[in-house]
Every structure is written in C-alpha cells, then in structure tokens.
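Hello,

Here is the structure I promised to pass on to you. Have a look at it first, and then read my notes below.

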Amino acid sequence: MMTYVILIVTVVVSIACFNNYSLFNKLSCNPYRMVHSREWYRIISHGFVHADWTHLIVNMFTFLSFGVYVENQFVAWGFGSSSFLILYFGGMVAASVYDVWKYRNNQYYSSIGASGAVSSVLFTAIFLHPWDKIYFFAIVPIPGIVFGFIYLLYCQYMAKRDGDNINHNAHFYGAVFGLIFPVLLEPRLLQMFIQQLLRH
C-alpha cells in the first residue's frame, strides 16, 4: 500500500537529514531558490524532511492512523492508489503555494515537513465520515467535523501570531485541499457529506 511506502521513505530520508545539514538544506522548501534558481523539486522534497524525532513521529503516526483508511476507501470506490498519491502530494503542493509566493524574495525562509500532506489526508477522512471520533490531543474523543473546525480556526489564529516556528499556513491549506479533493474525484460525495452532517 502507498501509505506504507510513503511512510518508510519519509522516515529514511528524515533520519538521513538529521545529521546531514547539506542534504537537509538541499531538500527543504526554500521559495527564493525555487523561484530564482528554478529548484521546483523542493515543493515535494521538503515533505520528506523533518526537524527532529518528535516532528517526524507525530506526522507519521497521524498519517498512518488515517492514511490506510483513506487509501482503502479510494481503492474500494475504484479511484485506485494513484488517487491517494495525488491527494498526498497534491496536499503537499497546495500547502506550499502560499509560502512560495509570499517568501519568493526572502532567501532566508525555508520550511520542512509533511504536515500539509498529512493534513490533507486527515481532512479527507473527516470529509468521508464527519461524525467519527478523533482523539483531541490523543486523549479527548470529539467528532471529526468539530475537530476539523477547531483545527482550521487554530491554524488561522496561530498563522496571524507568527511566532512559534510552525508553518500553520501549510496545515491550513493542506487541510482545505483534503476537503475539496474527494469532490473533485466524485462530485456526488458532496451530497453524501451533507447527508451525513444532517443525520445528527
């Protein structure tokens, strides 16, 4: 399954970058180098790099928790694993576009991590079953749709504060992509989503 392949490659590359700053720097999302040196590969490569073990473990645990489910759903509906890859890497790109534009002339800005892509997978899972429980802070069970609403508000609030060295914009735009993507695959899923919301 693609979920496991992505996870394994991400872990291997991230560990390789922990003690190799040159590789870390070469793979990171640096808008200045992307725009001025045409190093567009960075819009994907940065998703395989993480700052430390905590960053890596949190992202990969979340990805594994929801990725297998979403991939299975896509296969069951006939979308195939290729659609799951488009969701993941499309979310990664969508999460980065705003920063690439905003920081295109700032040579010192860079961003790393799979958070945008993972957010897209998480929010596709929420879209498919909005009332299924998600454990807030891995402890408190709340409906996915409620979690999603809080998550999006939090991302916007923290992005405006801009002081904790976390790319909240990437989380936000990746999540939005995850909500939209299933409808692009099958427009009738929007009706299913609305019907599920109205059942509660």
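**What I found**

Valine 12 is found in helix H1. Please keep in mind as you read that this is a predicted model. With a relative accessibility of 52%, valine 12 counts as exposed, because the cut-off for that word is over 50%. Valine 12 also belongs to a nonpolar patch on the surface, together with Met1, Tyr4, Ile8 and Leu64. Taken together, these residues have about 460 Å² of accessible area. Helix H1 gives the most to the patch, with three residues.

Now for the inside. How many residues does the largest nonpolar core have? There are 35 of them, and those with the most contacts inside the core are Phe63, Phe84, Leu87, Tyr88 and Val121. The elements that each give two or more residues to this core are helix H1 (2-18), helix H5 (53-76), helix H6 (81-102), H7, H8, H9 and H10. Of these, H7 gives the most, with nine residues. Leaving out residues up to four places away in sequence, phenylalanine 63 touches Thr3, Ile6, Leu7, Val68, Phe84, Tyr88, Val118 and Val121.

Helix H6 has another residue to look at: serine 96 is found there. Is serine 96 buried or exposed? Its relative accessibility is 4%, so serine 96 counts as buried. Beyond residues up to four places away in sequence, serine 96 touches Ile43 and His46.

Next, turn to helix H10, which covers residues 188-198. Leu189, Phe193 and Gln196 are buried in this helix. Looking down the axis of H10, you will see these buried residues fall within an arc of 65 degrees, so they line one face of the helix. The face turned away from that buried side carries the exposed residues Arg188 and Leu198. What do the buried residues of H10 pack against? Their partners are helix H7 (115-128), helix H8 (144-161) and helix H9 (168-185).

Leucine 189 is buried, with a relative accessible area of 7%. Its contacts, leaving aside neighbours within four places in sequence, are Trp77, Phe79, Phe127 and Pro182. Leucine 189 and leucine 128 lie 61 residues apart along the chain, yet their C-alpha atoms are separated by 8.0 Å.

Last come the charged pairs. Side chains of opposite charge can pair when their charged atoms come close. The count here comes to three salt bridges. Glutamate 39 forms a salt bridge with arginine 33, where the closest N and O atoms are 2.8 Å apart. Glutamate 39 also forms a salt bridge with arginine 42, with the closest N and O atoms 2.7 Å apart. Glutamate 39 counts as buried at 15% relative accessibility, and arginine 42 is buried with a relative accessible area of 3%. Arginine 33 is partly exposed, at 35%. Through shared partners, salt bridges join Arg33, Glu39 and Arg42 into one network.

Glutamate 186 forms a salt bridge with arginine 188, and there the closest N and O atoms are 3.0 Å apart. Arginine 188 is exposed, with a relative accessible area of 61%.

Enjoy exploring, and write back with any questions.

Best wishes

Technical notes. Residues numbered from 1 in each chain as written. Predicted model: local features only at pLDDT ≥ 70, side-chain atom pairs only at ≥ 80, totals over all residues. Heavy atoms only, no water. Buried < 20%, exposed > 50% of the residue type's maximum accessible area, 1.4 Å probe, protein only. Helix = DSSP H or I, 4+ residues; strand = E, 2+ residues; numbered from the N terminus. Arc of directions from axis to C-beta. Contact = heavy atoms within 4.5 Å. Core = buried A, V, L, I, M, F, W, Y, C linked by side-chain atoms within 4.5 Å. Patch = residues over 30% accessible without salt bridge, like charges linked within 9 Å, V, L, I, M, F, W, Y side chains within 5 Å. Areas by Shrake-Rupley, 256 points an atom, 1.4 Å probe, with all protein chains shown as cover. Salt bridge = Lys/Arg side-chain N within 4 Å of Asp/Glu carboxyl O.
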